[in-house]
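Trainee: Can we go through this one together? I'd like to start with a helix and then move on to pockets.

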Amino acid sequence: MSFKTWFKTPKAWVFICLAIYLGVASYASHDMNGVRNGGIAIVAAIVVDVICGLIEKRKRIFPDGAAVTGLIIASILSLTTSPWMVAAVSVISILSKHLMTHKKKPMFNPAAFGLLVSIVLFKTQQSWWGAFGDLSAWYLVLLLIGGYLVVNRINKFPQVFTFLGTYFILLFVLGNGMVHIGTTYLDAAGLSDALRPPFVNAAVFFALFMLTDPPTSPNKVGDQVVFGFLSAVVGVLAYGYMGGLMYLFIGLMSGNLYQWARSMSSRSAKRARPPMKKVDHRMPG
């Protein structure tokens with residue numbers, strides 16, 4: 001694939017936006033650990049992706065998706081994360097892309113899966129520094145401009161608007177007081193905290209660059225609405241119950257599972273449908 005052809009792909013736009021964000025955030029925060037982590041995450045992701053591609057005997061191996069995954073991981077992990085841990089998260093992410101598949105497509109967003117596993121297993125810290133969470137609110141404009149360019153190219157506005165609308169409305173409504181659901185109470189104070197930076201920056205970054213991942217999210221408008229709504233509801237409830245940093249990833253996992261179940265049901269329906277009988281329209285005689 002030529003550079004001119006690659007430049008027209010959605011992955012190229014995502015990579016360029018994230019690379020710019022990484023550079024801007026590093027310069028503004030006067031900390032080059034983000035650039036270091038970005039390089040480590042990208043290299044580790046590309047190496048594992050190429051090896052897996054060779055094992056699977058793929059005819060075309062162009063690890064641009066792996067590079068994007070590496071940039072997302074580096075943008076979310078704390079700047080103090082050790083280099084080997086950054087590489088480990090990238091490896092886990094890319095392995096999930098190749099091992100947990102349906103119709104040769106990953107079932108889960110690789111970056112979200114790797115980051116979620118790293119929290120559970122290694123207690124990694126995530127600051128979402130690449131989403132400008134620690135900088136002035138004006139930097140959010142840059143995030144929105146890049147996100148608009150990407151989402152516009154892949155036609156995922158219904159999914160993004162549904163997620164963000166549901167997410168912020170639920171946080172506002174549930175954050176007004178202690179909420180009782182079944183036998184469990186949601187932490188209303190914690191829900192209110194999610195309406196402030198850096199959580200707002202994290203939600204916007206997540207919606208624009210992770211939720212919209214083409215291989216792991218739907219294309220049809222109706223499915224996009226359900227996907228975005230489900231991811232937001234599960235994410236908010238997870239935050240209210242557990243707090244911490246896992247809630248957005250858990251929400252996305254639920255959306256990925258919906259997409260997988262939807263694909264499986266459609267495939268079963270096609271198999272169960274009786275074949276159409278051919279009708280002979282020729283005149284008798």
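**Helix, spans and pocket**

Mentor: The buried residues of α10 are Val 200, Asn 201, Ala 202, Ala 203, Val 204, Phe 205, Phe 206, Ala 207, Leu 208 and Phe 209. Buried is under 20% relative accessible area, exposed over 50%, and partly exposed in between, with a 1.4 Å probe and protein chains only. This is a predicted model: local features need pLDDT of at least 70, side-chain atom pairs count only at pLDDT 80 or more, and totals for chains, interfaces and linings use all residues. Residues are numbered from 1 along each chain as its sequence is written, and side-chain values use heavy atoms, leaving out hydrogens and water.

Trainee: How many of the residues of α10 are buried?

Mentor: Ten of eleven, in a helix that covers residues 199–209. Helices here are DSSP runs of H or I, at least four residues; strands are E, at least two.

Trainee: New topic. How far apart are the end C-alpha atoms of residues 67–95?

Mentor: They lie 14 Å apart, and the span is 79% helix and 0% strand. For residues 107–124 the distance is 23 Å, with 72% helix and 0% strand.

Trainee: And the largest pocket, what is its volume?

Mentor: About 840 Å³.

Trainee: Which residues lie nearest its centre?

Mentor: Lys 11, Gly 65, Lys 97, Pro 106 and Pro 215, out of 34 lining residues.

Trainee: Which helix gives the most to that lining?

Mentor: α4, with five residues. Among the other elements that supply at least two are α2 (10–29) and α10.

Key
1 Å grid on protein atoms, 1.4 Å probe; cavity = no way out; pocket = protein on both sides within 12 Å on 5 of 7 lines; lining within 4 Å. Points joined across faces, edges and corners; volume = space filled by probe spheres on them.
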